[in-house]
Amino acid sequence: MTMRWRWDWLPDLGSGGEDFAYAPGAGGHVLSGTVAGTLDDTAVDGRYEVEADPAWLTRRVTVALTRPAKTLELRSNGAGRWSDGEGVWIPALDGCLDVDLSLTPSTNTLPIRRLGLKLGEAAEISVAYVQAPELKLRPRRQIYTRLADRLWRFHAPDIDFTADIAVDADGFVIEYPGLCRRAA
C-alpha cells in the first residue's frame, strides 16, 4: 500500500510532504517513507523505516536525513527496552512501546492498531519521540481516545497539544488537522 501526505504544518513551521509505503508480512509490519520539505526554516530531506512485530510493537527504527545530514537507528525488545544502533541501552526510554517520528503521521498507526480501543475508550502510552530535523530523542506521554470508528483524539500532555485525527479503515491518517493530510 502506498500513499502521499502533504504537510500542512501549523503557521510558520514549514511545508512539504511524504511518499509513504506500508508492507504487511507474516513477521510483522514495515512502515517507510521519503520526506521532503522545510521545517522551522530548515530544509529536510530523507527516509525512514519502522519495523513492528505482528502485535504492532515497534522493534526497529531507522531515520536517514540527507538535509540536514543526520542518522538515527533504534532497536526495541518490544517490552519497553531500547538501544541505539550500536546496541547501547537507552535508559531514558524504558517503558516506551511505540516510536513517534515528528516527520510523519505514519507512526500514529502503531498505537491505533496495537491498542485496539473500543469507541469511547482511552489509553495513555509512553513513546520514544524523535524530533526532526535534529533527530532529538526523548520519552513522551501520549493519550489516544477513540471518538468514532475512524476518528481518534491524540493528546500530548507534556506539550499540551490535542488533535482529532481522521484515519482510514486500516488506521492510517487521512487528516491530522494543522499538520498533514493525505493527498488525493
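Reply: C180 counts as buried because its relative accessibility is 4%, where buried means under 20% relative accessible area, exposed over 50% and partly exposed in between, with a 1.4 Å probe and protein chains only. C96 is likewise classed as buried, at 1% relative accessibility.

The model is predicted, so local features need pLDDT of at least 70 and side-chain atom pairs count only at pLDDT 80 or more, whereas totals for chains, interfaces and linings use all residues. Residues are numbered from 1 along each chain as its sequence is written, and side-chain values use heavy atoms, with hydrogens and water left out.

Turning to the rings, the structure holds 8 aromatic pairs, counted for rings of Phe, Tyr and Trp (its six-membered ring) whose centres lie within 6.5 Å, with planes under 30 degrees apart taken as stacked, over 60 as edge-to-face and the rest as tilted. One of them joins Y144 and F154, whose centres are 5.4 Å apart and whose planes stand at 70 degrees, so this pair is edge-to-face. Because Y144 belongs to strand 10 (residues 136-148) and F154 to strand 11 (residues 151-156), the pair ties together parts that are 10 residues apart in sequence; strands (E, at least two residues) and helices (H or I, at least four) are DSSP runs numbered from the N terminus. Y144 is buried at 1% relative accessibility, and F154 is buried at 4%.

F161 and Y176 form a stacked pair, because their planes meet at 25 degrees with the ring centres 6.4 Å apart. Here F161 lies in strand 12 (residues 161-167) and Y176 in strand 13 (residues 173-176), so the pair ties together parts that are 15 residues apart in sequence. Y176 is buried, with a relative accessible area of 7%.

Ring pairs also link W5, F20, Y22, W56 and F172 into a cluster. T109 sits in helix 1 (residues 109-115) and is buried, with a relative accessible area of 0%.

Charges meet rings as well: R81 lies over the face of W89, 4.2 Å from the ring centre, and the charged end of R140 is over the ring of Y129, 4.1 Å from its centre. The criterion is that NZ of Lys or CZ of Arg is within 6 Å of the ring centre and within 35 degrees of the ring normal.
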